[in-house]
Amino acid sequence: MRPRYWIKVQVASIKINRTMPIRILLSTSEAVTDKFILQNIGSKMIKEKYTKNILLGEIGEQEKTKLLNSKVLIAGCGALGSKVLANLASAGIGTIGIIDNPENCKAEKVLSAQKWVEKNYKEINIKTYNDKIDEINSEKIIGEYNLLVDCFDNYQSKFLLNEYAVKYNIPMVHGEAAENYGHATVIIPHKTPCLECLFPNTKRDIKLSNESAGFAVNALGALMSQSAINLLLDIKDDLENVLLTYNSDEMKLEKIQLSFNPDCRVCGQKQ
Ligand SMILES: [Zn+2]
């Protein structure tokens, strides 16, 4: 049974607007040496490298530079994390970190993700952490990034990441997908409800199904990547204060309006 949402208003249908189409194309870039990048970071040549990758009319030189200067931590390197990684790498994010708990994800997964980026996107500064996030390392790791993307496949890690996002005031795109279902939202600490507001007192021992390599995970990977780009570029994002749910069997998208839980133990005013 899925946890209960902290819901203010339920909206039965989603309005498709011009921000909805997934505008990130996956393409393999040509090899560029590190030395070249160091000399040319922010240059016209590097920015043009991504012009074909991002079909956003509203993205100009300034926005491309902003993406190159962005630092995004992808938390979780399973099916969802690898989709998000592919999208964000092709979108021209300058620094990408990948973290996963060795108990949840074999070390080879983190390393193979790193190798893939190094092979296809030499200009990206890639950092990997085959580690658990905890009180000791959280500030050092998370504090380095200006956006977190929660692709963890277990609630223990997801809720911990949420706590640190709020603690260090770093925006986070949260999402999950299993089998035919997925959902996503954007968490901007103290501006939008946090994960604990949405799913209070959720059991932490829930692990998402391994059978998540279906279409729902693809769709969620694309939606979360788009949200990450929106947040980095300060483009208004429809996932703020909204939980977007997706059912791939029924081709059903729903938006659920969210509100703060004033008693939230993580971000609540009464704590
Ligand atoms: Zn909260």
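**Figure 1. Contacts of Asn180.** Asn180 touches Gly214, Ala216, Asn247, Ser248 and Asp249, leaving aside residues up to four places away in sequence. Two residues are in contact if their C-beta atoms, placed from the backbone, lie within 7 Å. The model is predicted: local features need pLDDT of at least 70, side-chain atom pairs count only at pLDDT 80 or more, and totals for chains, interfaces and linings use all residues. Residues are numbered from 1 along each chain as its sequence is written. Asn180 sits in the loop between strand E6 (172–178) and strand E7 (181–187). Helices (H or I, at least four residues) and strands (E, at least two) are DSSP runs, numbered from the N terminus. From C-alpha to C-alpha, Asn180 and Asp249 are 6.1 Å apart in space but 69 residues apart in sequence. A residue is buried if 20 or more other C-beta atoms lie within 10 Å of its own, exposed if 12 or fewer, and partly exposed in between.

Figure 2. Helix H7 covers residues 155–167. At 1.5 Å a residue, its 13 residues should span 18 Å, and its end C-alpha atoms are 18 Å apart, which agrees. The expected span is 1.5 Å times one less than the number of residues. The buried residues of H7 include Tyr155, Leu160, Leu161, Tyr164 and Val166. Lys158 and Asn162 are also among them. The buried residues pack against strand E2 (71–75), helix H6 (138–142), strand E5 (147–150), E6, E7 and helix H8 (195–198). Asn169 follows H7, and its phi is positive, near 55°.

**Figure 3. Helix H4 against helix H9.** H4 (residues 79–91) and H9 (residues 215–232) pack at an angle of about 40°, with their axes 8 Å apart. The two helices are therefore oblique to each other. Angles under 35 degrees count as roughly parallel, over 145 as roughly antiparallel, 65 to 115 as roughly perpendicular and the rest as oblique. The contact is made by residues including Leu80, Val84 and Leu88 of H4 and Val217, Leu220 and Met224 of H9. By class, the contact has 11 nonpolar, 4 polar and 1 charged residues. Ala, Val, Leu, Ile, Met, Phe, Trp, Tyr, Cys and Pro count as nonpolar, Asp, Glu, Lys and Arg as charged, and the others, Gly among them, as polar.

**Figure 4. The protein chain.** The chain has 9 helices and 9 strands. Of its 271 residues, 42% count as buried.

Technical notes:
Axes fitted to C-alpha atoms, helices over the stretch in contact; angles between N-to-C directions.
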